[in-house]
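Student: I have a structure open here and a few questions about it. Can we go through it piece by piece?

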Amino acid sequence: MNLAWYWTALIAFGIVNFLLISASVLVYAERKVSGYMQNRPGPNRVGPFGFLQPFADVLKLVFKENIVPTAANSFVHSLAPMLMVVIAMASGALIPFARGVVIADMAVSVLVLLALTSISVYGVTLAGWSSNNKYSLLGGLRSSAQMISYELSMGLAVLSVVLISSSLNMVTIVEDQGGGYGIFAWNVFRNPIGCILFIVTAFAETNRAPFDLPEAEQELVGGYHTEYSGMKFGMFFLAEYVNFFIASFVIVTLFFGGYLLPFESVLLAQFPGLEDSILLMIMQIGTVVLKASFFAYLFIWVRWTLPRFKYQQLMTLGWKYLLPISLVNALLVAIGVIIFS
Amino acid sequence: MSIINDTDFKETLKFWPRHNEAIYRRLESKHSWIEKTSSGDGSPVDALEQEMVLNIGPQHPATHGVLRCVVKLDGETIKKCVVDIGYLHRGIEKIAENKSYQEFMPYTDRMDYLSPYSNNVAWCLAVEKLAGIEIPDRAQWIRMMMSEVARISSHLLWMGVGLMDAGAVSVFLWTFQAREDIYAIFDEVAGARLTVSHSRIGGVATDINDVGFNLIKDFAEKFPASLAGWEKLLNRNRIWIDRNIGIGYMSAEDVVAAGMTGPNLRGSGIAHDIRRFEPYLKYDEVDFNIPIRTEGDALARYFVRLDEMKESIKIIRQCLEKLETIQGPVRVEDAKRAYPSKNDVYYSMEGLIHDFMYTDTGVSPPKGAAAYHAIEAPKGELGFYLQSDGTGTPWRAKMNSPSFSNLQALETMMEGAQMGDMVIMIGTIDPVLGEADK
């Protein structure tokens with residue numbers, strides 16, 4: 001029991017609460033942004049500017065009856081939403097929010113992150129299977145097919161980043177982007193194709209539109225969560241928002257300099273007193289949240305603009321375009337790393 | 001008590017199981033209509049031996065009302081599909097035989113509830129043809145203009161709902177904003193937003209006032225810009241194009257064989273539009289094009305409908321110009337053939353008598369007269385066949401509704417398609433179940 005243990009516990013407490021609250025803020029943001037995109041005001045009745053709408057929604061979900069279909073496998077039916085939330089939250093442990101503010105600073109955190117995103121598909125597939133509903137089953141099947149198609153490209157996009165910074169540690173990857181060229185050392189400039197690939201696959205991994213085939217409100221009537229009600233449905237809902245916020249954080253960490261302030265090295269040269277100060281930490285947390293919020297906005301923006309992919313389109317995009325491009329990109333980056341180092 | 005004993009309720013209650021059995025027999029599935037959970041000897045059945053039969057509708061969100069499709073699936077591929085309609089059957093043809101001609105007119109609003117004005121016009125034109133009534137010019141121009149506004153309203157719903165089925169929810173809200181403008185027009189012109197009932201036998205109920213006239217003018221000016229904005233988003237959108245191209249292909253021979261009408265017919269390269277080839281109202285006096293595509297897939301129908309909206313705006317503009325010059329009555333001034341004006345009813349005795357008589361018996365076509373009149377409704381050929389026995393009610397009324405004939409093609413289209421295509425296909429046929437089920 002040393003001081004570092006308490007520090008980690010404190011960060012963990014802070015981050016879990018931050019993620020839970022950010023989910024409700026994101027729900028509000030999504031409804032408000034979609035409202036403005038559709039020329040309507042969005043929620044504006046509960047609380048000032050409708051700020052309390054997500055909390056009212058959560059209350060409603062908590063008080064709703066929890067219905068388990070008679071023919072469902074009730075254990076798996078309950079397990080699936082919990083799995084989704086736990087995995088979504090666990091990914092938060094790997095994100096560095098500022099220098100030294102990370103729950104699990106392990107040597108292979110990128111690998112752990114990929115592993116966690118792979119497991120999260122079990123939540124969807126098990127939910128689809130255990131509901132004993134044909135629509136849910138189709139949703140679960142679609143989800144697993146989607147995950148297999150996109151995981152490879154995602155892994156290769158991450159691999160190109162790992163090659164550049166020659167480390168599997170997220171903190172090292174971030175610090176590696178703080179080179180002397182200001183923002184131009186960010187991986188998005190060193191590895192632009194990898195960045196685009198990763199953003200596209202992140203959309204697919206989080207099951208957000210236009211890749212929301214597993215839930216497909218219109219054809220599959222909600223897909224895997226058709227048979228869920230009350231807080232179990234709420235957990236899927238929560239997991240979706242936490243997932244895409246985490247995905248935004250991962251995009252920022254891997255490609256957009258993570259918690260680094262733009263031109264941080266210049267700033268520190270000017271004000272050496274800032275180094276290791278609380279002020280810098282707060283600024284770094286603000287920076288990473290701001291950057292991630294931009295990508296969260298991107299997720300919302302895309303969702304309310306584009307139609308959904310069709311199953312074959314999704315497969316074609318995944319196997320015929322993204323996979324070859326990511327293979328070639330990984331090769332090019334590897335050659336580049338050899339030449340420049 | 002005796003009625004209950006005399007009636008064989010057992011047979012009645014067997015309808016539903018028998019109906020379902022018939023549907024599954026058509027699917028030729030190994031699947032019985034109650035799912036098998038064991039194979040007779042108590043051992044569970046092999047799930048892989050059974051084909052998956054998915055019941056889509058009538059409460060499914062993508063079926064545009066209460067359409068029911070029973071599909072046999074192999075993974076995501078639809079192997080066979082049986083369409084079941086009739087969940088909104090109200091016996092509207094039988095109702096027509098018990099109502100006077102004018103009394104029945106408001107019922108037509110409830111058939112294709114997305115373009116009620118066209119239905120009113122179709123019914124009134126059929127009755128006028130049967131009874132040989134010539135209606136004033138101004139009424140004809142008003143009817144024509146409002147029918148085109150109704151066409152835009154119907155196509156806007158097709159567009160919004162089609163896009164929403166494909167996952168782009170925002171377009172739905174945008175088209176509904178434009179439809180709100182159209183509802184405001186109907187509200188001003190006819191006094192009702194949805195069930196307008198503005199057409200009367202022998203003319204229209206009221207003349208268009210300045211407010212209504214300006215609303216239509218504003219709409220005709222503003223609408224092409226918003227349509228262009230949507231086209232910018234969609235016409236080069238890779239996802240939307242790929243979801244539509246080659247989907248629901250029907251060759252020119254197929255569409256004729258299936259009896260499809262309207263934009264579905266013109267999307268397959270058949271140049272048939274009643275407005276051009278058997279002009280009614282004043283369609284022979286306005287200048288407009290018939291958009292035709294030859295590809296025969298959902299994308300072709302999408303472009304046909306988009307172009308039709310532009311042509312409708314063109315017709316509306318010409319109608320507005322004409323209505324500024326043509327003045328005069330909007331209803332026949334013959335009390336045996338149309339309602340007298342309210343001025344007559346309130347201030348003259350003859351007027352009151354005529355109004356009473358017209359409400360009581362109404363127009364009475366000669367005995368044995370029969371007529372069929374079809375118009376080009378937004379969804380295709382909407383025709384009414386009427387037979388008179390000399391009284392004020394039709395002896396027989398038969399509706400040829402476009403949604404019913406268009407839905408005949410759905411089973412053919414669905415075979416071999418994907419689950420995700422299903423919503424696109426139902427959208428591209430654009431059925432309204434109020435009309436298909438009658």
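Tutor: Strand 7 of chain B and strand 8 (residues 394–400) of chain B form a hairpin with five residues between them. In the turn, B:G390 has a positive phi of about 90°. Keep in mind that this is a predicted model.

Student: How many bridges pair strand 7 of chain B with strand 8 of chain B, and in which sense?

Tutor: Six bridges, in the antiparallel sense. One of the pairs to look for is B:L386 with its bridge partner B:A397 in strand 8 of chain B.

Student: And what does strand 7 of chain B form with strand 6 of chain B?

Tutor: A hairpin, with two residues between the strands. Strand 6 (residues 370–377) of chain B pairs with strand 7 of chain B over eight bridges, again in the antiparallel sense. There, B:A374 has B:G383 in strand 7 of chain B as its bridge partner.

Student: Is strand 7 of chain B mostly covered or mostly exposed?

Tutor: Mostly covered. Strand 7 spans residues 380–388 of chain B, and seven of its nine residues are buried.

Student: Other sheet now. What is the strand order in the open sheet of three strands in chain B?

Tutor: The order is 1-2-3, with antiparallel pairing. Strand 1 and strand 3 (77–84) of chain B are the edge strands, each pairing on one side only. On average, neighbouring strands of this sheet are turned by 20° against each other, direction ignored.

Student: Over how many bridges do strand 2 and strand 3 of chain B pair?

Tutor: Seven, between strand 2 (residues 68–74) of chain B and strand 3 of chain B. B:C69 has B:V83 in strand 3 of chain B as its bridge partner.

Student: Where does chain B touch chain A?

Tutor: Several elements of chain B supply at least two residues each, including strand 1 (52–56), helix 7 (137–165) and helix 19 (419–429). The contact takes 27 residues from chain B and 22 residues from chain A. By class, the chain B side has 16 nonpolar, six polar and five charged residues.

Student: On to chain A. How many helices and strands does it have?

Tutor: Twelve helices and zero strands.

Student: Which residues of helix 8 in chain A meet helix 12?

Tutor: A:I193, A:G194, A:L197, A:V200 and A:T201. On the helix 12 side of chain A, they meet A:L322, A:I325, A:S326, A:N329 and A:V333. The residues of this contact divide into six nonpolar, four polar and no charged.

Student: At what angle do those two helices pack?

Tutor: About 145°, with the axes of helix 8 (residues 192–205) and helix 12 (residues 311–340) of chain A 10 Å apart. The crossing of helix 8 and helix 12 of chain A is left-handed.

Student: Last one. Is A:S91 buried or exposed?

Tutor: Buried, because A:S91 has 21 C-beta neighbours inside 10 Å and the cut-off for buried is 20 or more. A:S91 is in helix 3 (residues 74–91) of chain A. Leaving out residues up to four places away in sequence, A:S91 touches A:L113, A:L116 and A:I246.

Definitions and conventions. Residues numbered from 1 in each chain as written. Chains lettered and ligands numbered in written order. Predicted model: local features only at pLDDT ≥ 70, side-chain atom pairs only at ≥ 80, totals over all residues. Axes fitted to C-alpha atoms, helices over the stretch in contact; angles between N-to-C directions. Helix = DSSP H or I, 4+ residues; strand = E, 2+ residues; numbered from the N terminus. Left-handed = near helix turned anticlockwise from the far one by under 90°. Contact = placed C-beta atoms within 7 Å. Nonpolar A, V, L, I, M, F, W, Y, C, P; charged D, E, K, R; others polar. Pairing = 2+ DSSP bridges. Buried ≥ 20, exposed ≤ 12 C-beta atoms within 10 Å, placed from the backbone.
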